[in-house]
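Please read these notes alongside the model. They go from the whole chain down to single residues.

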Amino acid sequence: MADLLDLCRTAIAGARDGEQAEAYAEETRQTMVRARDREVDSFSSSESRGVGVRVLFDGRLGYAWAADPEPAEAAELLEAARDNAAFATPDEANGLPQAAEADPIPGLFREVQADLGPDRKVSLALDLERVTTEADPSVRRVEEAIYGDAVSRIAVASTPGLAAEYAGTDCWCMVLALAEQDGETQTGHAFRVGREIDELDWEEAAREAAERGARMLGAIKPKTERLPVILDPWAASSFLGVLAGSLSAEEVQKGRSLLADRVGEEVGSSLISLVDDGRLTEGPAAAPFDDEGVPTARTVLVERGVLRSFLHNTETARRGGAASTGNARRSSYRGVPGVAPSNLLVEAGSASPEELLGRAGRSVYVQEVTGVHSGANPVSGEFSVGATGLRVEGGTLAEPLREMTVASTLLDMLTAVTAIGADLRFFPGGGAIGTPTLLVGEMTVAGR
């Protein structure tokens with residue numbers, strides 16, 4: 001089997017004078033194990049390998065790809081991409097980045113994880129279910145307990161002189177616990193990520209899922225009022241995932257961002273700083289370079305409440321007179337790169353979650369929101385979404401609450417943040433979304 005970087009070099013070797021050419025190659029091996037009722041409900045394993053080629057000339061762009069090509073097939077992609085470019089509309093923003101060497105990030109690839117056999121993966125999924133059901137007497141079963149992992153390799157080569165590659169390993173687990181009492185059922189979930197299986201805090205995930213489900217038993221519908229709201233990391237990450245689109249220069253240039261034309265303005269509380277850091281190893285999306293070979297970096301987007309910048313790939317940077325931030329992202333080798341976050345995070349504060357409960361006074365702790373992507377308007381920022389959680393009284397979690405909605409706008413919510421926790425955690429979503437617990441000074445909580 002041909003080396004990925006060699007395939008990329010072969011694919012662009014026939015570039016003509018006046019052309020720019022780029023080849024992007026990836027291969028992935030993924031596994032997912034689902035446990036239910038003390039048995040393996042499903043075990044799936046898949047592999048993908050392919051090359052995509054971009055050709056640019058006279059402002060025109062063409063693209064072609066092939067799955068698992070031989071070197072001769074990879075070389076033919078250049079001509080196919082050239083033919084496609086002939087029918088494209090010229091755009092002065094089309095272009096490839098200049099070659100720049102990216103510093104490696106140690107620890108992204110773990111040989112022990114890449115060599116991990118199926119038996120260990122199966123046993124972890126089964127143990128995840130077992131420990132969840134042992135963590136609380138009301139949790140006797142789970143909806144699903146899942147272990148997943150991936151081994152990936154990426155290579156990029158281009159006529160401006162780029163030739164780079166890297167490899168990475170990832171694993172994750174998710175459990176959805178079912179707590180039951182007197183005919184009532186409540187759910188609780190938890191999610192963890194790691195580079196290798198021995199770093200995966202799956203037992204903590206099991207206990208957390210059980211606790212989140214059990215404490216919702218007996219939940220009532222609250223009355224409608226405005227009061228402080230504590231968003232736990234999972235709930236907060238859902239809102240940040242919607243806001244992420246507005247931080248993309250691509251969305252700004254298409255007129256689909258609520259933050260357009262607001263650089264230098266206050267868009268949140270002075271406590272809020274939003275950062276995208278593609279080199280943060282604690283984040284699942286860390287990589288030495290993005291999907292067109294530009295070195296990743298730490299980009300400050302919102303600094304103490306003030307909007308400072310947007311995320312760029314090479315095309316949006318050329319269109320906007322800026323520099324790429326190393327945020328070119330492809331869904332796969334089958335397409336050209338767009339713009340997306342890497343590790344997008346709210347910088348953590350210094351308060352523990354318990355301290356935030358004490359500061360909040362009479363308030364509502366939201367542990368899950370539903371319908372955020374359908375219930376939030378990414379252009380206006382307005383949202384009204386379903387939520388579950390608990391009342392906070394005297395600095396402690398009290399009666400559970402369900403069938404409620406929380407409503408505000410994304411920017412009003414950011415502006416109303418009065419405290420930030422130290423418990424930064426990452427969740428999946430357009431890259432990786434990292435949030436600590438957030439205390440929002442006031443929001444509308446609607447119920448009966």
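1. Basis. This is a predicted model, where local features need pLDDT of at least 70, side-chain atom pairs count only at pLDDT 80 or more, and totals for chains, interfaces and linings use all residues. Residues are numbered from 1 along each chain as its sequence is written, and side-chain values use heavy atoms, with hydrogens and water left out.

2. Overall fold. The chain has 11 helices and 20 strands. These are DSSP runs, numbered from the N terminus: helices are H or I with at least four residues, strands are E with at least two. The radius of gyration is 24 Å, close to the 22 Å that the globule rule gives for 448 residues, so the chain is as compact as a globular protein of that length. That radius is taken over C-alpha atoms, and the rule is 2.2 Å times the number of residues to the power 0.38. Along the principal axes, the C-alpha atoms fill a box of roughly 70 × 55 × 35 Å.

3. Of the 448 residues, 54% count as buried. Buried means under 20% relative accessible area, exposed over 50%, and partly exposed in between (1.4 Å probe, protein chains only). Take contacts (heavy atoms within 4.5 Å) between residues at least 6 apart in sequence: 71% join residues at least 24 apart.

4. Helix α4. This helix covers residues 118-134, 17 residues in total. From first C-alpha to last it reaches 25 Å, close to the 24 Å expected at 1.5 Å a residue. The expected span is 1.5 Å times one less than the number of residues. Its buried residues include Val 122, Leu 124, Leu 128 and Val 131. Charged Lys 121 and Glu 129 are also buried. What do the buried residues of α4 pack against? The partners are β1 (20-36), β2 (39-57), β4 (139-158), β5 (163-181) and α5 (202-214).

5. Pro 71. This residue is in helix α2 (residues 71-85). Pro 71 is partly exposed, at 35% relative accessible area. Beyond its neighbours within four places in sequence, Pro 71 contacts Ala 2, Leu 7 and Thr 10. Pro 71 and Ala 167 lie 96 residues apart in sequence and 21 Å apart in space, C-alpha to C-alpha.

6. Ser 246. Leaving aside neighbours within four places in sequence, its contacts are Val 252, Ser 257, Leu 258, Leu 259, Phe 310 and Pro 378.
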